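Open your viewer, switch to a cartoon view, and keep the selection panel handy. We will walk through one stop at a time.

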Amino acid sequence: VFYGEESMSKFLRIGQELTTIYLGGRNIDEYNIVVHSKGDLRAPGIMPATTEKAAKIFQKYVARLTDVTLPIIYDIYSVHTEKEIAIGGVTRDYDDTLGKQYEEDEYEIKLKDGNLLINGGVRGILYGVYTFIEEYLGVRFFSATCERVLYKEKIEIGELNRRFNPPFEYRELCHWDIFDVDF
């Protein structure tokens with residue numbers, strides 16, 4: 001069980017095995033996370049705040065499961081890997097989600113040609129990343145300060161093509177965690 005962001009740097013894995021994650025038959029440690037960005041090639045790319053946050057959340061939970069920290073690269077640079085995890089729609093030939101119109105909370109997750117694509121509306125990108133983390137990687141969020149990572153020896157993700165738009169935007173909750181925006 002992990003408690004809060006501050007304790008992540010102090011967490012020890014005592015007697016705990018790591019998970020191996022395969023996307024389309026390839027080990028996730030062969031992937032880079034790619035995000036859409038704008039800017040000059042002589043400086044770091046500029047990306048939307050939700051895209052950056054979604055990429056960092058994806059990176060964090062993959063690292064918790066596998067001890068592999070995937071690099072986050074900008075799509076404006078010519079750095080390419082054979083297989084990539086595209087968050088927020090990127091300028092790559094394989095990404096057919098770039099430029100699609102999504103509702104604010106809508107998201108799309110798919111595995112195309114061995115590349116994982118997660119894209120959506122303003123909040124939808126985050127919802128897509130959290131859905132992938134919960135449903136495919138086995139992380140459970142109980143409250144803003146308590147989550148559980150369900151370790152498995154191996155996680156294999158084959159075909160994946162999901163698009164979802166929540167039927168309503170707002171839910172009333174009567175709990176202290178509603179004041180934590182991320183939760």
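Start by selecting Pro48, Gly88, Asn119, Gly120 and Ile125: among the 20 residues that line the second largest pocket, these lie nearest its centre. Keep in mind as you zoom in that this is a predicted model. The pocket has a volume of about 270 Å³. If you colour the lining by class, you will find 11 polar, seven nonpolar and two charged residues.

**The helix pair**

Next, select residues 49–66 for helix H1 and residues 124–135 for helix H2. Their axes are 9 Å apart, and the two helices pack at an angle of about 10°. Angles under 35 degrees count as roughly parallel, and H1 and H2 are therefore roughly parallel to each other.

Now show side chains where the two helices meet. On the H1 side, pick Thr50, Thr51, Lys53, Ala54, Ile57, Phe58 and Tyr61. Their counterparts in H2 are Ile125, Leu126, Val129, Tyr130, Phe132 and Ile133. By class, this contact is made of 10 nonpolar residues, two polar ones and one charged one.

**The six-stranded sheet**

Hide the side chains and turn to the strands. Six of them form an open sheet, which you can trace in the order S4-S3-S5-S7-S6-S11, with mixed pairing. Strand S4 (72–74) and strand S11 (161–164) are the edges; each has a single partner strand, so one side of each has no neighbour in the sheet. From one strand to the next, the twist averages 20°.

For a look inside this sheet, select strand S3 (residues 31–35) and strand S5 (residues 83–87), which pair in the parallel sense over five bridges. Which residue of S5 is the bridge partner of Val34? Click on Ala86 to see it.

Bring H2 back into view here. The helix lies across S5, strand S6 (107–112), S7 and S11, and runs at about 135° to S7.

**Two loop residues**

Asp67 is not a glycine, yet its phi is positive, at about 65°. Then move to the loop between S6 and S7 and select Asp113. Asp113 also has a positive phi without being a glycine, here about 55°.

**The three-stranded sheet**

For the last stop, find the open sheet of three strands, in the order S2-S1-S10, again with mixed pairing. Strand S2 (26–27) and strand S10 (154–157) are its edge strands, each pairing on one side only. How many bridges join strand S1 (residues 20–23) to S10? There are four, and the two strands run parallel. Finish by selecting Ile21 together with Ile155 in S10, which stands opposite.

Conventions
Residues are numbered from 1 along each chain as its sequence is written. This is a predicted model: local features need pLDDT of at least 70, side-chain atom pairs count only at pLDDT 80 or more; totals for chains, interfaces and linings use all residues. Side-chain values use heavy atoms; hydrogens and water are left out. Axes are lines fitted to C-alpha atoms, for helices over the stretch in contact, and angles run from 0 to 180 degrees between N-to-C directions. Angles under 35 degrees count as roughly parallel, over 145 as roughly antiparallel, 65 to 115 as roughly perpendicular and the rest as oblique. Contact means heavy atoms within 4.5 Å. Ala, Val, Leu, Ile, Met, Phe, Trp, Tyr, Cys and Pro count as nonpolar, Asp, Glu, Lys and Arg as charged, and the others, Gly among them, as polar. On a 1 Å grid over the protein atoms alone, a cavity is a set of points where a 1.4 Å probe fits but cannot get out, and a pocket is an open set with protein on both sides within 12 Å along at least five of seven lines; lining residues have an atom within 4 Å of a point. Grid points are joined across faces, edges and corners, and a volume is the space filled by probe spheres set on the points. Two strands pair if DSSP finds at least two bridges between them.
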